[in-house]
Amino acid sequence: MKIAVGSDHCGFNLKMEMMPMLKEENEVMDFGCYSTDMADFPVISQKVCAAITSGEAERGIMFCSTGIGACIACNKVKGIRAGLCHDIYSAHQCVEHDNVQILCLGADIVGKYVVKDIIKAFLKAEFSTSEEFRKRVAMLDEMEK
């Protein structure tokens, strides 16, 4: 799978810790930031979202302090559904029910071992073929028009 990843300075260290695991089975594109020097999450979020909307990447992961700012920024982009997940159930359910493309994680909220399981659940999940979920996602798409 092609994955777009990004972080601000607060999420940088966790992003870097997750990179070896991500690269084991995926093609990973890192859109920054590249150090713990201050970086604005809206700028990085836009780059990750652009990779998704252009089809360059299938899924995205954004790391910031709480994950909230990155999630807000990603959801401002037309065609993007981002989910803030701090547990394994939400990580797969957001894809299965809501066709979420970008996982947002809080580096100051969730420990690295749980984050590994969250990422694995998110990447393995597939959007449901159930009509009820497809209808709701179509309704979300209509809200953007």
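Not counting residues up to four places away in sequence, Ile 119 touches Met 18, Met 21, Leu 22, Ile 61, Phe 63, Leu 103 and Leu 105, where contact means heavy atoms within 4.5 Å. A second, separate nonpolar core of 18 residues includes Met 29, Ile 44, Cys 64 and Cys 104; such a core is a set of buried Ala, Val, Leu, Ile, Met, Phe, Trp, Tyr and Cys residues joined through side-chain atoms within 4.5 Å, with buried standing for under 20% relative accessible area (1.4 Å probe, protein chains only). This is a predicted model, in which local features need pLDDT of at least 70 and side-chain atom pairs count only at pLDDT 80 or more, while totals for chains, interfaces and linings use all residues. Residues are numbered from 1 along each chain as its sequence is written, and side-chain values use heavy atoms, with hydrogens and water left out.

The largest nonpolar core has 25 residues, of which Leu 22, Ile 61 and Ile 119 touch the most other members. Two or more residues are given to this core by each of strand 1 (2-7), helix 1 (12-25), strand 3, helix 4, strand 5 and helix 5, these elements being DSSP runs numbered from the N terminus (helices H or I, at least four residues; strands E, at least two). Helix 5 supplies the largest share of this core, six residues.

Helix 5 (residues 112-124) also pairs with helix 4 (residues 88-98), their axes coming within 8 Å and crossing at roughly 20 degrees. That makes helix 4 roughly parallel to helix 5, a term for angles under 35 degrees. On the helix 4 side the contact is made by Ile 88, Ala 91, His 92, Cys 94 and Val 95, and on the helix 5 side by Asp 117, Ile 118, Ala 121 and Phe 122. An α-helix has 3.6 residues a turn, so residues three or four places apart point the same way.

Helix 3 (residues 68-75) has Gly 69, Ala 70, Cys 71, Ala 73 and Cys 74 as buried residues, and the buried residues of helix 3 pack against helix 2 (41-53), strand 3 (59-64), strand 4 (82-84) and strand 5 (102-106).

Within helix 2 lies Ala 51, which counts as buried because its relative accessibility is 1%. Leaving aside neighbours within four places in sequence, Ala 51 is in contact with Ala 4, Phe 31, Glu 56 and Ala 57. The C-alpha atoms of Ala 51 and Met 29 are separated by 8.9 Å, the two residues being 22 residues apart along the chain.

Technical notes: Buried < 20%, exposed > 50% of the residue type's maximum accessible area, 1.4 Å probe, protein only. Axes fitted to C-alpha atoms, helices over the stretch in contact; angles between N-to-C directions. Parallel < 35°, antiparallel > 145°, perpendicular 65-115°, else oblique.
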